[in-house]
Amino acid sequence: MTIKNSDNKSLLMYTSLIFIVAIIMIIVSFFAQTHLDQSKQGQIDTEKVDLSNKAAQVSEENMQLVELNKSLKDANTALSEKNAELEQELGALQKENKAYSDLLLVSEKLLGGNKRAARTLLENIFTEDLTKEQKELYDALVKKTE
(Lines give C-alpha, C1' and ligand atoms only; values in the text may rest on other atoms or scores of the structure.)
Protein backbone atom coordinates (compact mmCIF):
# COMPACT_ATOMS: atom_id res chain seq x y z
CA MET A 1 0.00 0.00 0.00
CA THR A 2 2.81 2.33 0.51
CA ILE A 3 3.75 2.06 -3.07
CA LYS A 4 0.25 2.85 -4.15
CA ASN A 5 0.03 5.68 -1.63
CA SER A 6 3.37 6.92 -2.78
CA ASP A 7 2.25 6.78 -6.43
CA ASN A 8 -0.89 8.68 -5.53
CA LYS A 9 1.10 11.30 -3.67
CA SER A 10 3.50 11.65 -6.54
CA LEU A 11 0.66 11.81 -9.06
CA LEU A 12 -1.10 14.37 -6.93
CA MET A 13 2.10 16.41 -6.66
CA TYR A 14 2.69 16.29 -10.40
CA THR A 15 -0.88 17.27 -11.13
CA SER A 16 -0.77 20.07 -8.56
CA LEU A 17 2.52 21.26 -9.98
CA ILE A 18 1.10 21.29 -13.52
CA PHE A 19 -1.97 23.27 -12.38
CA ILE A 20 0.19 25.74 -10.44
CA VAL A 21 2.50 26.22 -13.43
CA ALA A 22 -0.55 26.65 -15.69
CA ILE A 23 -2.03 29.26 -13.34
CA ILE A 24 1.35 31.06 -13.16
CA MET A 25 1.59 30.96 -16.98
CA ILE A 26 -1.93 32.41 -17.25
CA ILE A 27 -1.05 35.19 -14.81
CA VAL A 28 2.26 35.94 -16.58
CA SER A 29 0.57 36.00 -19.99
CA PHE A 30 -2.15 38.31 -18.63
CA PHE A 31 0.44 40.79 -17.35
CA ALA A 32 2.45 40.46 -20.57
CA GLN A 33 -0.66 41.13 -22.66
CA THR A 34 -1.56 44.13 -20.46
CA HIS A 35 1.97 45.49 -20.83
CA LEU A 36 1.89 44.93 -24.59
CA ASP A 37 -1.45 46.74 -24.89
CA GLN A 38 -0.12 49.66 -22.87
CA SER A 39 3.00 49.95 -25.02
CA LYS A 40 0.89 49.83 -28.21
CA GLN A 41 -1.32 52.55 -26.76
CA GLY A 42 1.82 54.60 -26.03
CA GLN A 43 2.98 54.15 -29.61
CA ILE A 44 -0.43 55.22 -30.93
CA ASP A 45 -0.35 58.27 -28.68
CA THR A 46 3.18 59.06 -29.90
CA GLU A 47 2.05 58.69 -33.50
CA LYS A 48 -0.91 60.98 -32.83
CA VAL A 49 1.43 63.58 -31.32
CA ASP A 50 3.80 63.21 -34.29
CA LEU A 51 0.92 63.59 -36.72
CA SER A 52 -0.35 66.62 -34.82
CA ASN A 53 3.12 68.18 -34.92
CA LYS A 54 3.44 67.44 -38.63
CA ALA A 55 -0.01 68.88 -39.30
CA ALA A 56 0.90 72.03 -37.36
CA GLN A 57 4.19 72.31 -39.25
CA VAL A 58 2.48 71.84 -42.63
CA SER A 59 -0.16 74.39 -41.63
CA GLU A 60 2.56 76.90 -40.68
CA GLU A 61 4.42 76.31 -43.95
CA ASN A 62 1.16 76.69 -45.86
CA MET A 63 0.47 80.01 -44.13
CA GLN A 64 3.98 81.22 -44.99
CA LEU A 65 3.51 80.19 -48.61
CA VAL A 66 0.15 81.98 -48.78
CA GLU A 67 1.78 85.15 -47.43
CA LEU A 68 4.67 84.78 -49.89
CA ASN A 69 2.20 84.25 -52.73
CA LYS A 70 0.29 87.39 -51.74
CA SER A 71 3.46 89.47 -51.57
CA LEU A 72 4.61 88.11 -54.94
CA LYS A 73 1.23 88.95 -56.48
CA ASP A 74 1.49 92.49 -55.10
CA ALA A 75 5.02 92.81 -56.45
CA ASN A 76 3.89 91.43 -59.80
CA THR A 77 1.05 93.96 -59.97
CA ALA A 78 3.42 96.81 -59.12
CA LEU A 79 5.90 95.63 -61.74
CA SER A 80 3.15 95.29 -64.35
CA GLU A 81 2.05 98.85 -63.69
CA LYS A 82 5.64 100.09 -63.86
CA ASN A 83 6.12 98.14 -67.09
CA ALA A 84 3.02 99.75 -68.62
CA GLU A 85 4.29 103.21 -67.63
CA LEU A 86 7.70 102.49 -69.12
CA GLU A 87 6.14 101.19 -72.34
CA GLN A 88 4.13 104.40 -72.67
CA GLU A 89 7.25 106.44 -72.00
CA LEU A 90 9.15 104.37 -74.56
CA GLY A 91 6.42 104.97 -77.15
CA ALA A 92 6.55 108.71 -76.52
CA LEU A 93 10.34 108.75 -76.74
CA GLN A 94 10.26 106.74 -79.97
CA LYS A 95 7.82 109.25 -81.49
CA GLU A 96 10.03 112.10 -80.36
CA ASN A 97 13.11 110.37 -81.78
CA LYS A 98 11.32 109.75 -85.10
CA ALA A 99 10.31 113.41 -85.26
CA TYR A 100 13.92 114.50 -84.63
CA SER A 101 15.11 112.07 -87.32
CA ASP A 102 12.61 113.50 -89.81
CA LEU A 103 13.61 117.05 -88.93
CA LEU A 104 17.29 116.14 -89.28
CA LEU A 105 16.61 114.65 -92.68
CA VAL A 106 14.83 117.86 -93.73
CA SER A 107 17.75 119.96 -92.54
CA GLU A 108 20.20 117.74 -94.45
CA LYS A 109 18.14 118.20 -97.62
CA LEU A 110 18.21 121.96 -97.05
CA LEU A 111 21.96 121.91 -96.54
CA GLY A 112 22.29 119.93 -99.76
CA GLY A 113 20.31 122.67 -101.53
CA ASN A 114 17.25 120.52 -102.28
CA LYS A 115 14.41 122.75 -101.00
CA ARG A 116 11.70 120.90 -102.91
CA ALA A 117 12.55 117.52 -101.30
CA ALA A 118 12.84 119.23 -97.92
CA ARG A 119 9.41 120.80 -98.41
CA THR A 120 7.90 117.39 -99.31
CA LEU A 121 9.41 115.84 -96.18
CA LEU A 122 8.09 118.68 -94.04
CA GLU A 123 4.57 118.11 -95.38
CA ASN A 124 4.73 114.46 -94.23
CA ILE A 125 5.54 115.42 -90.62
CA PHE A 126 2.50 115.40 -88.30
CA THR A 127 2.96 118.61 -86.29
CA GLU A 128 0.59 117.75 -83.42
CA ASP A 129 2.96 115.03 -82.18
CA LEU A 130 5.92 117.41 -82.01
CA THR A 131 7.25 118.82 -78.76
CA LYS A 132 7.65 122.56 -78.21
CA GLU A 133 11.33 122.51 -79.23
CA GLN A 134 10.56 120.38 -82.27
CA LYS A 135 7.79 122.79 -83.36
CA GLU A 136 10.24 125.69 -83.13
CA LEU A 137 12.74 123.74 -85.25
CA TYR A 138 9.94 122.76 -87.66
CA ASP A 139 8.88 126.40 -88.05
CA ALA A 140 12.48 127.44 -88.69
CA LEU A 141 12.86 124.75 -91.35
CA VAL A 142 9.57 125.78 -92.99
CA LYS A 143 10.85 129.37 -93.25
CA LYS A 144 14.06 128.16 -94.87
CA THR A 145 12.19 126.12 -97.47
CA GLU A 146 10.08 129.08 -98.61
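Trainee: Which side chains meet in a salt bridge, and at what N to O distance?

Mentor: Please keep in mind that this is a predicted model. As a general idea, side chains of opposite charge can pair when their charged atoms come close. Here the side chains of K98 and D102 form a salt bridge, with 3.1 Å from N to O. The structure holds one salt bridge.

Trainee: How are K98 and D102 placed relative to each other in helix 1?

Mentor: The two residues are four apart in helix 1, so about one helical turn separates K98 from D102. D102 has a relative accessible area of 23% and is therefore partly exposed, since that class lies between the buried limit of 20% and the exposed limit of 50%.

Trainee: Let us turn to the nonpolar residues. Which residues make up the largest nonpolar core?

Mentor: In soluble globular proteins, nonpolar side chains tend to be buried together. In this model the largest nonpolar core has 11 residues: A99, L103, V106, L110, A118, L122, I125, L130, Y138, L141 and V142. Helix 1, helix 2 (115-123) and helix 3 (132-145) each give two or more residues to this core. Helix 1 provides the largest share, four residues.

Trainee: What is Y138 in contact with, beyond its neighbours within four places in sequence?

Mentor: With those neighbours set aside, Y138 is in contact with L103, L122, I125, T127 and L130. Among them, L103, L122, I125 and L130 also belong to the largest nonpolar core.

Trainee: Which residues form a nonpolar patch on the surface?

Mentor: The patch consists of I23, I27, F30 and F31, which together have about 440 Å² of accessible area. F30 lies in helix 1, which spans residues 2-111. F30 counts as exposed because its relative accessibility is 52%. F31 is likewise exposed, at 55% relative accessible area.

Trainee: How many aromatic pairs does a search of the whole structure find?

Mentor: The search finds one aromatic pair. In that pair, the ring centres of F30 and F31 are 5.6 Å apart and the planes are at 65°, so the arrangement is edge-to-face. The cut-off behind this reading is that planes over 60 degrees apart count as edge-to-face.

Trainee: Is L79 buried or exposed?

Mentor: L79, which is in helix 1, counts as exposed because its relative accessibility is 58%. From L79 to T120 there are 41 residues in sequence and 43 Å in space, C-alpha to C-alpha.

Note on methods:
Residues are numbered from 1 along each chain as its sequence is written. This is a predicted model: local features need pLDDT of at least 70, side-chain atom pairs count only at pLDDT 80 or more; totals for chains, interfaces and linings use all residues. Side-chain values use heavy atoms; hydrogens and water are left out. Patches are made of residues with over 30% relative accessible area and no salt bridge: like charges are joined within 9 Å, nonpolar side chains (Val, Leu, Ile, Met, Phe, Trp, Tyr) within 5 Å. Accessible areas come from the Shrake-Rupley method with a 1.4 Å probe; for residues, only the protein chains shown count as cover. A salt bridge is a side-chain nitrogen of Lys or Arg within 4 Å of a carboxyl oxygen of Asp or Glu. Buried means under 20% relative accessible area, exposed over 50%, partly exposed in between (1.4 Å probe, protein chains only). A nonpolar core is a set of buried Ala, Val, Leu, Ile, Met, Phe, Trp, Tyr and Cys residues joined through side-chain atoms within 4.5 Å. Contact means heavy atoms within 4.5 Å. Rings of Phe, Tyr and Trp (its six-membered ring) pair if their centres lie within 6.5 Å; planes under 30 degrees apart count as stacked, over 60 as edge-to-face and the rest as tilted.
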